[in-house]
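Dear colleague,

I am handing over the structure we spoke about, and I would be grateful if you could look through it before reading my notes.

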Amino acid sequence: MGERAGHGCGCEGRTDLLARAERLCDERGLQFTPLRQRTLEVIAAEARPLGAYDIAERLSAPGRRVAAVSVYRALDFLTENGLVHRIASRNAFVPCEHGHHDGEGVVFLICRACGSVDETSSAEIERGLDRTLAKAGFRPASRIVEVEGECGACQERSAESRASGQAGA
């Protein structure tokens, strides 16, 4: 299915993501403020999606609280510029592990067991979605599909647990 898939580990690396963010801001004449940078660093360092309040907590220091509204502004900037994605079903954010082409949709594979989120794209899903949208006469502002289920690692752990449970019976 997936033509390009991440596997929730942040393989691009925090350094590469920050370099891409700096390059993008330079190219577009945008400011990569310290709060935007620190917000991106916090998201990139996590193996799971983070909400704005979690991010604000991580950015805060004793006696210096970062307001969630400030984090939301940074997240809006990072989302608009393709550096992070919002997982709507979780109201949480993950780093974008690769740049996207115009019109390229994103499919998130969300594991209910461990909370990992994989990012992929699929030309087949895109074509089907294009046909569905055309029939409905609908023009989307974004094209993000979220699929919840169980990742391969969790399926393996479940199978191993079942097998060891049967062996002891």
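This is a predicted model: local features need pLDDT of at least 70, side-chain atom pairs count only at pLDDT 80 or more; totals for chains, interfaces and linings use all residues.

Residues are numbered from 1 along each chain as its sequence is written, and side-chain values use heavy atoms, with hydrogens and water left out.

The secondary structure of the protein chain comes to six helices and six strands, where helices (H or I, at least four residues) and strands (E, at least two) are DSSP runs numbered from the N terminus. Read from the N terminus, the elements follow the order β-α-α-α-α-β-β-β-β-α-β-α. Of the 169 residues in the chain, 36% are buried, a term that stands for under 20% relative accessible area, with exposed meaning over 50% and partly exposed in between (1.4 Å probe, protein chains only).

The largest nonpolar core has 23 residues; such a core is a set of buried Ala, Val, Leu, Ile, Met, Phe, Trp, Tyr and Cys residues joined through side-chain atoms within 4.5 Å. Helices H1, H2, H3 (52-59) and H4 (68-80) each supply at least two residues of this core, and the largest share, five residues, comes from H1. Among the residues with the most contacts inside this core are Phe 32, Leu 40 and Leu 75. Leaving aside residues up to four places away in sequence, Leu 75 touches Thr 39, Ile 43, Ala 52, Ile 55, Val 84 and Phe 93, a contact meaning heavy atoms within 4.5 Å. A second, separate core of six residues includes Ile 87, Val 106, Phe 108 and Ile 110.

Finally, where does Ser 116 lie? Ser 116 is in the loop between strand E4 (106-111) and strand E5 (117-121), and Ser 116 counts as buried because its relative accessibility is 16%. Not counting residues up to four places away in sequence, the residues that Ser 116 touches are Leu 109, Ile 110, Cys 111 and Cys 151.

With best regards
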